[in-house]
Amino acid sequence: MNDRIKTILKELPLNPGVYIMYNESGRIIYVGKAKSLRKRVNQYFLPNRDAKTSALVSHIDNIEYIITGNEYEALILENNLIKKHKPKYNIDLKDGKTYQMIRVSNEDFPKVFKTRRLVNDGSLFFGPFPNGGVLDSYMSLLNSLFKIRRCGMPLKKRSTPCLYYHIGKCLAPCAGKISKVDYNLMIQDCKKMLSGQTEDLRASLVKDMNALSREMKYEQAAEKRDLIKAIDIINAPQTAQNMKISDKSDYVAIESNGSVFAVAIMQLRDGYLLGKAIYRAETFASEEDVLTSFLLQYYNTSKDIPQTIYISEDVNRELIEQYFKEHLGDIKVEIPYDGKHYRALRMAEQNAKEDVEKRLKKEDNTEAVMELKEVLGLENPPRLIEGYDIAQLNGKYTVASLISFKDGKSNKQGYRRFNIKSLDGAIDDFGAIAEATLRRYRRVVEENLERPDLVLIDGGKGQVNTAREVLDDLGLADIPVIGLAKKQETIVFDYDREDLNLPHSNAALRLLIAIRDECHRFATTLNQRQRSSDVRFKLLCSIKGIGEKRARELMTEFDSLESILNTSALELSKRGNIPLRVAERLLKELSL
């Protein structure tokens, strides 16, 4: 930090306003707003700042500010300055991808196909389907159940049918082999299935599967089973379409990792959730600042204004609603915590998260890996790094996560989770680290698996030495072990080697932080799932007519209580193998 910056930080007023950050070349690199300029700007220079903030700070050479009458005026001024100067580290919206949907064309002989484009020609659209694999499975299911035409639009008359007719995959309306009435009766069944009306179809498939299995026709039974699975998979996201026709809402979710951001927006129109888009940005701003900028920028240019915007990250909603009221009309901004709007927002969150993960995989982290070799004094670049973290709640549900990075990128095939069994309820991170590393590297030795070039422990000297002793006992003394202590992001070595503190802008440290944060996320996810499973089991057992056996069967059949609530009493009775009256009681008590 230069002397000029130190002086500016001392002289900053407590008033609301906008701060403008410059680099050495005198270019504006970041613009932000603040309720109190002194408090907000000084936060950037705190010693325990994260790697993202440190990277921004490393480029700051000068700071100017403009005092405003209130925070709302600061919001307006910030938005105008960002649009005018387009600072490098503010959000720069770039349209990513739209979600895929299934379109039923508006024709005499409709076609059913995948699309990313919404066309206002009377066609029906179903979806969105953020997961391309699930959509492909569903299209295969539709094509296996209904002999829908696959030729282009509009339908062209032919004298002879194409190959699909001859192999039994099309009814050849092009050649007059089926009437318009009969073809559209089939399309009506297809629309019912796309709308989630699949109870009768599923029941029929289950009956056929069981009959074929009894007759030992296992291949045919397996085909029926796969069709049932496809129905169950696709019905889950469709439950989010159970909305009022009058609803006109948008769902905006934000996800980030370091400077990589994704904002996913989905729309509810005429009772259907429509795929919209993902917007991408690379910035050192906070999620709150990015989401605020997105809302102002996006809806200033949008021609389709919703009644309500549901968001995943809290922002100053009063300010944004005031801005909307003055410029666009009355729009509510809300955070849903349960119900149909929460489920719809979850879909947007998942897709924003997947987009961030995909982009991170494409990043070239070769420089960071080479830097790690130098700062840690390793003989070779650590191409394979394995990281560990422990998660627990008062000694219960203790789990260890192992994550793998290859060439500086996340390697999901190397992810593992360990339920810690040796502690008997004791809170002992050292013991948990010992069990996890022993189980992992004993297998590495016995099965001659690929050995890591570096092991990273989320913790200090004690945890690092615990892992070191385990590896030494297994004859793996040549694998280096380090830790990352969270308070100062200090690199901790085994035994007597001194700790190492690197600038937060250092590429090697940023890579270690990314690995540690991913490890923590992975461990916490399993920990929360176990806690949720325990609570779910006890809740089901508390309902009259459901004992431990039935509760376990229900937990196996349904992923969550939400899935049970989105199921009719009749289907719950069939799939859960429970009497209809018990299913009705279960749904009633869960809904209270």
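Predicted model: local features only at pLDDT ≥ 70, side-chain atom pairs only at ≥ 80, totals over all residues.
Reader: Which residue does aspartate 355 form a salt bridge with?
Author: A salt bridge here is a side-chain nitrogen of Lys or Arg within 4 Å of a carboxyl oxygen of Asp or Glu. The closest N and O atoms of this pair are 2.7 Å apart. The partner of aspartate 355 is arginine 280.

Reader: How many residues apart in sequence are the parts that this pair, aspartate 355 and arginine 280, ties together?
Author: Helices (H or I, at least four residues) and strands (E, at least two) are DSSP runs, numbered from the N terminus. Aspartate 355 lies in helix α12 (residues 339–362) and arginine 280 in strand β10 (residues 272–282), so the parts that the pair ties together are apart in sequence by 75 residues.

Reader: Is aspartate 355 buried or exposed?
Author: Buried means under 20% relative accessible area, exposed over 50%, and partly exposed in between (1.4 Å probe, protein chains only). Aspartate 355 has a relative accessible area of 2%, so aspartate 355 is buried.

Reader: How many salt bridges does a search of the whole structure find?
Author: Side chains of opposite charge can pair when their charged atoms come close. Searching the whole structure, the number of salt bridges found is 19.

Reader: Which residue forms a salt bridge with arginine 4, and where does that partner lie?
Author: Arginine 4 pairs with aspartate 61, with the closest N and O atoms 2.7 Å apart. Arginine 4 lies in helix α1 (residues 3–11), so the pair ties together parts 57 residues apart in sequence. The partner is aspartate 61, in the loop between α3 (51–57) and β3 (62–67).

Reader: Which residue does tyrosine 323 have 8.0 Å away, C-alpha to C-alpha, and 251 residues apart in sequence?
Author: Tyrosine 323 lies in helix α11 (residues 317–327), and at 4% relative accessibility it counts as buried. Contact means heavy atoms within 4.5 Å, and, not counting residues up to four places away in sequence, tyrosine 323 touches several residues, including Leu75, Ile76 and Leu296. The residue 251 places away in sequence and 8.0 Å away in space is tyrosine 72.

Reader: What does the side chain of asparagine 506 reach?
Author: Asparagine 506 is found in the loop between β19 and α16. At 14% relative accessibility, asparagine 506 counts as buried. Its side chain reaches, at 2.8 Å, the backbone nitrogen of alanine 508.

Reader: Which residue follows α13?
Author: Helix α13 covers residues 366–376. The buried residues of α13 include Ala368, Leu372 and Leu376. Next comes a residue whose phi is positive, near 70°: glycine 377.

Reader: Is leucine 163 buried or exposed?
Author: Leucine 163 is found in helix α6 (residues 163–166). Leu163, Tyr164 and Ile167 form a nonpolar patch on the surface. With a relative accessible area of 59%, leucine 163 is exposed.

Technical notes: Residues numbered from 1 in each chain as written. Heavy atoms only, no water. Patch = residues over 30% accessible without salt bridge, like charges linked within 9 Å, V, L, I, M, F, W, Y side chains within 5 Å. Areas by Shrake-Rupley, 256 points an atom, 1.4 Å probe, with all protein chains shown as cover. Polar contact = N/O pair within 3.5 Å; in protein donor to acceptor, adjacent residues only side chain to side chain.
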